[in-house]
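This briefing concerns a predicted model.

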Amino acid sequence: MRIVLYIWRQPHRDAPGRMVRYEVAKVNPDMSFLEMLDVLNEELMNRGEDPVAFDHDCREGICGSCGFMINGVAHGPLPGTTVCQLHMRHFRDGDVLYLEPWRARAFPVIKDLVVDRSAFDRIIAAGGYISVNTGSAPDGNAILIPKEIAERAMDAAACIGCGACVAACPNASASLFVGAKIAHLGLLPQGQPERYRRALNMVAQMTQEGFGSCTNIGACEAVCPKNIKLEVIARMNRDFLVASWRARREARVEGFG
Amino acid sequence: MELNARLPSGPIEQRWDRCRFEMKLVAPANRRKYTILVVGTGLAGASASASLGELGYNVRTFCFQDSPRRAHSIAAQGGINAAKNYQNDGDSVFRLFYDTLKGGDFRARESNVYRLAQISLNIIDQCVAQGVPFAREYGGTLANRSFGGALVSRTFYARGQTGQQLLLGAYQAMMRQVAAGRVTLFPRTEMLDLIVVDGRARGIVTRNLVTGEITAHLGDAVVLASGGYGNVFYLATYAKGSNCTAIWRSYKRGAGFANPCFTQIHPTCIPVTGDYQSKLTLMSESLRNDGRIWVPKKPGDKRPPNEIPEEERDYYLERMYPSYGNLAPRDIASRAAKRVCDEGRGVGETGLGVYLDFSDAIRRLGRKVIEERYGNLFEMYQRITGEDPYTVPMRIYPATHYTMGGLWVDYHLMSTIPGLFVAGEANFSDHGANRLGASALMQGLADGYFIIPYTVGDYLAGTKLDKVSEDHPACREAIDNVRCITKRLLSIKGKRTVDSFHRELGRILWEYCGMSRNATGLKTALARIPELREEFWRNVNVLGTNEEFNQCLEKAGRVADFLELAELMCLDALERNESCGGHFREEYQTPDGEALRDDANYAHVAVWEYQGEGRRPLRHTEPLTFEYVLPTVRSYK
C-alpha cells in the first residue's frame with residue numbers, strides 16, 4: 001500500500017506551523033497507524049530530516065498518550081479506537097490523509113502532533129478523587145455495591161484522558177472528560193460525601209483552563225475511543241446545578257446567621 | 001559491597017509488625033522539613049507519593065510521560081491478588097505466601113513474601129475506599145477469578161482494565177496531595193543521574209523533555225519507582241517509553257543490581273507479524289480460565305483450526321500438567337509453547353504460535369458470558385489481528401513481559417546506597433525467579449502504600465543529613481556527566497538510527513538470553529553485545545539539539561543504557577549454573593524437560609557491583625534461607 005500524508009509540522013509552541021506532504025511507499029496492512037509513522041520517521045532520519053513528533057506509549061489503547069486528527073476526525077475513522085490500535089487494513093492504497101494535532105486553546109501545541117494536556121491533571125486535582133488517606137479503609141466487602149452500579153461506574157471510569165473529546169468539540173469543551181470522572185465517583189457510595197463539592201470544583205477548574213461549554217452536540221461521544229456516553233455530561237450538569245443551588249442556600253443561611 | 005538485608009527475626013507472622021514497631025518515627029510537625037524525590041508514577045510511585053504526601057512530607061514526583069496517569073501500570077489487564085478468602089475456598093495469608101514463594105521457584109526471601117501476602121488484604125480495602133470499580137456479584141460483594149499458579153480464586157479485577165483502575169485510584173490520591181501542596185509534579189521530566197553525597201542518595205539530575213533543561217533536584221531521600229527493564233528485548237509488552245535509565249545510572253553510582261537475568265516471558269501474547277513491529281500485545285492470563293491451549297498433533301499440519309478434528313489436537317498443557325492444566329504458571333506455559341513450536345507444530349504463517357481456543361467455553365457458558373468476562377480483550381485481539389476470536393481460535397506466543405530482577409533492596413526497600421529506596425518492578429524483591437499472575441499490581445501497591453511510607457520515615461528519623469546545595473562538587477559532577485552523555489550522543493552523526501540498534505540488540509537477547517539459555521549462546525551474546533555497543537557510539541545518528549523537544553535524543557540515551565544492561569543480564573545468566581523459574585539453562589533440566597534447580601549452590605540472590613567502564617562487575621551473593629517452606633521440586637503436574 002502507498003499512503004500520502006499531509007502532516008502538521010510546528011517546531012515549538014511559539015513557532016508558526018504548516019502542513020507538509022510525505023509519502024510512505026511500502027505500507028503493510030497489518031501495521032498500526034503509529035507503526036506506519038515509525039517507518040516514515042526512520043526514512044526521514046536516514047535522510048537527515050527531523051522526524052515527526054507524536055505522543056505514544058503503551059500502544060495498546062489504554063494509556064491515553066496518543067491521538068491526533070486524521071482527516072478531521074479525532075483518532076481516525078474506526079469508532080471506539082485510539083490511533084495506536086488503528087490498523088492500516090482500514091485504509092486503501094493511495095489514500096491521502098491529513099494529520100493535525102488536537103486543536104484547543106487549553107491544549108497548546110508543543111511540537112508537531114504533540115500537545116500539552118496538563119489542564120486535565122489540574123481538573124482532577126480540583127476534586128477528581130475520594131478523600132481517603134492510606135490506612136483508613138474498612139474491609140472491602142463492608143461496602144456493598146450492586147453489580148449494575150459497579151458496571152455503570154466502570155463504564156465511566158474507562159476514560160483514558162486522551163483529549164479526543166475536546167478536539168472533536170466545536171466549543172473545545174472538556175465536559176465528557178469531566179463528566180466521566182464525576183459519574184464514576186458520584187455513582188459509588190464511597191463518592192457521596194464529596195459529590196456536590198466535587199462537581200462545583202471540577203467544573204470551575206474546567207472553565208478556568210479555557211475549555212468551552214457543552215452545547216449537546218455529541219461529537220465527543222462519537223470519537224471517544226472508550227465509548228463514554230453523553231449521559232455522563234447530563235449527570236455532571238445535574239450535580240453541578242444541585243451543588244450551585246445548595247451553595248447559594250448555604251450562603252443565604254450563613255448571611256442570616 | 002555490604003549486603004545486610006535487615007531481615008527481622010521471630011515468628012514469620014509477627015516480623016513486619018515488629019519491624020514497624022522498632023522503626024523510628026518523624027514527628028508530624030517535622031515531616032514537612034524533609035523533601036523526598038519520587039521517580040516514576042506507576043502504581044508504586046503514585047501510591048508512595050500520595051501516602052508520603054498525606055503524612056506531611058514535602059514530595060517531588062517525576063515522570064517522563066505527559067501525565068502521571070499514563071505510567072505503564074495502566075496497561076495491566078487481569079487483576080490483583082489478595083488473600084481475602086471471600087470465596088471460602090481455603091485461601092489464607094499463608095497460602096498466598098506459599099504460592100508466591102513456590103511460584104518464584106524458591107529464589108525470593110521468605111520474610112518479604114510473607115509481608116506481601118499480609119499487606120494484600122489492606123490493598124483491596126484501600127482501593128475499594130478510593131472508588132476503584134472492582135467487579136461485583138449481584139449481591140454487591142466483590143467478585144474473584146483464578147490466575148495461574150494457584151488453585152484458589154483470589155484475584156480481584158475491574159474487567160480487563162484492573163491496572164488502569166488501580167493506577168487511576170493512586171493517581172487521584174496523589175493529585176489530591178498536589179492540590180494540598182504536598183506533592184509537586186514534574187511531568188515530561190526524565191531522571192538521568194543520581195546525586196550521591198557522602199555515600200548517601202541526596203538528589204537526581206533530570207532533563208526537561210520539552211525544553212532540554214538539565215536540572216539538579218536535591219532532597220533527603222530518593223525513591224525510584226521507575227519500572228522494569230524488559231524493553232531491552234526491543235519487542236516486549238512494555239510501553240514504548242519504559243526504560244532502565246533511572247536504575248541503570250543508579251547502579252553505576254553504586255547501587256547493587258540483583259538477579260538481572262530473571263526476566264518473565266509471558267505465554268499469551270499476540271504473535272509477531274513483521275519487521276516493522278514496534279511492540280507486542282499481551283492477552284491477559286485470565287483468558288486461560290476458560291480458553292484451552294492446543295496445537296495439532298502432527299508437525300506441519302497447515303489445515304485451518306476448525307478443520308482439525310478433536311482427536312488430532314494436542315491440548316499439551318492439560319496433558320503435561322493435569323492438575324493445573326491451562327493455568328500452569330507463566331514460565332512453564334511459555335516453555336511448553338516454545339517446545340511444541342520447536343517440534344514444528346506451531347501454527348500461523350510463521351509457525352511461532354499456538355491456539356487459545358474458546359469454543360468449548362462458548363458452548364458450555366454461551367457467548368454472552370464470555371463476552372461479559374473478556375469482551376474488551378476479544379475486541380483488542382480482533383482490532384490487532386483482524387480475526388474474530390469468537391469463531392476462530394486466538395493465536396498466541398510468548399513475549400517478554402516483566403523483569404523480576406532489579407536493584408537490590410533490603411527488607412526496608414533500601415538499596416545499597418543509603419537513602420535510595422526502590423519500589424515496584426524496579427526492585428528485585430518479592431517474585432524470585434518467576435512472578436505469578438496478578439502479583440505485580442499487588443507488589444507495586446504494597447511497596448507504595450504500605451512499606452515505603454514507614455521505612456523512609458525510619459531512615460529520615462535515624463539519619464543526620466547535612467544541607468546540600470547545588471554547588472556541591474557531587475552535584476556539579478552529576479550534571480556534567482549528564483551534559484557530557486547528551487553532547488556525545490548528538491555529536492556522533494553516524495549512519496544508523498537508534499531503533500536499528502535497539503532491534504538488533506533485542507534479537508541477540510531473545511536468541512541467547514530469552515526463554516532458554518545455554519553457556520555457548522550466552523558467550524556468543526557476550527561477544528556480540530560489546531561490538532554492537534561500540535558501533536552504537538561510533539555510528540548512531542541522533543538528530544537535533546538538546547534544547548528542544550527531541551524524542552530521538554530521549555530514545556538514544558535509553559538504548560545506550562540497554563546496551564550495557566544486556567551484557568550484565570547475559571553475564572548473570574551465564575554465572576547461574578542452574579535452571580529456576582524464568583531462567584532456564586538447557587544444560588540443567590530433568591529428563592522430562594523441567595527446570596533443574598541447584599539449591600546447594602544457587603539458593604542465593606546474585607548482586608552485581610559496578611566497577612567502572614570496561615571492567616567486569618563484581619558478583620556478590622545474599623544467601624536465601626527457608627524456615628517455613630522447604631524448597632521442593634516445583635511440580636504443577
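In which sense do S14(B) and strand S15 (residues 394–403) of chain B pair, and over how many bridges? The pairing is antiparallel and runs over three bridges. The points below begin with this strand and then turn to the domains, the chain contact and the core.

- Strand S14 of chain B spans residues 354–357, and its residues are all buried.
- Val354(B) and Leu356(B) point one way from the strand, whereas Tyr355(B) and Asp357(B) point the other way.
- Strand S12 (residues 292–296) of chain B also pairs with S14(B), in the antiparallel sense and over three bridges.
- Leu356(B) in S14(B) is the bridge partner of Ile293(B).
- Towards S15(B), Val354(B) has Ile396(B) as its bridge partner.

**Domains of chain B**

- Chain B is divided into domain 1 (12–23 + 30–262 + 404–461), domain 2 (267–399) and domain 3 (493–598).
- The centres of domain 2 and domain 3 of chain B, taken over C-alpha atoms, are separated by 28 Å.
- Six residues from domain 2 of chain B and six residues from domain 3 of chain B make up the contact between these two domains.
- On the side of domain 2 that touches domain 3, helix H9 (residues 330–342) of chain B gives the most, with five residues.
- That side of domain 2 divides into one nonpolar, one polar and four charged residues.

**Contact between chain A and chain B**

- Chain B contributes 65 residues to the contact, and chain A contributes 67 residues.
- On the chain B side, the elements that give two or more residues are helix H3 (43–55), helix H5 (110–130), helix H6 (162–179), helix H11 (367–385) and helix H16 (551–575) of chain B.
- H6(B) gives the most to this side, with nine residues.
- By residue class, the side of chain B that touches chain A comprises 27 nonpolar, 23 polar and 15 charged residues.

**Nonpolar core**

- The largest nonpolar core has 290 residues.
- The residues with the most contacts inside this core are Cys165(A), Val223(B), Leu224(B), Leu407(B), Phe421(B) and Cys570(B).
- H16(B) supplies the largest share of this core, 14 residues.
- Not counting residues up to four places away in sequence, Leu224(B) touches Val39(B), Gly40(B), Ala246(B), Ile247(B), Ser250(B), Leu407(B), Leu420(B), Val422(B) and Ala426(B).

How values were computed
Residues are numbered from 1 along each chain as its sequence is written. Chains are lettered from A and ligands numbered from 1 in the order in which they are written. This is a predicted model: local features need pLDDT of at least 70, side-chain atom pairs count only at pLDDT 80 or more; totals for chains, interfaces and linings use all residues. Two residues are in contact if their C-beta atoms, placed from the backbone, lie within 7 Å. Helices (H or I, at least four residues) and strands (E, at least two) are DSSP runs, numbered from the N terminus. Ala, Val, Leu, Ile, Met, Phe, Trp, Tyr, Cys and Pro count as nonpolar, Asp, Glu, Lys and Arg as charged, and the others, Gly among them, as polar. A residue is buried if 20 or more other C-beta atoms lie within 10 Å of its own, exposed if 12 or fewer, and partly exposed in between; C-beta atoms are placed from the backbone. Two strands pair if DSSP finds at least two bridges between them. Domain bounds come from an automatic or database domain assignment. A nonpolar core is a set of buried Ala, Val, Leu, Ile, Met, Phe, Trp, Tyr and Cys residues joined through C-beta atoms within 7 Å.
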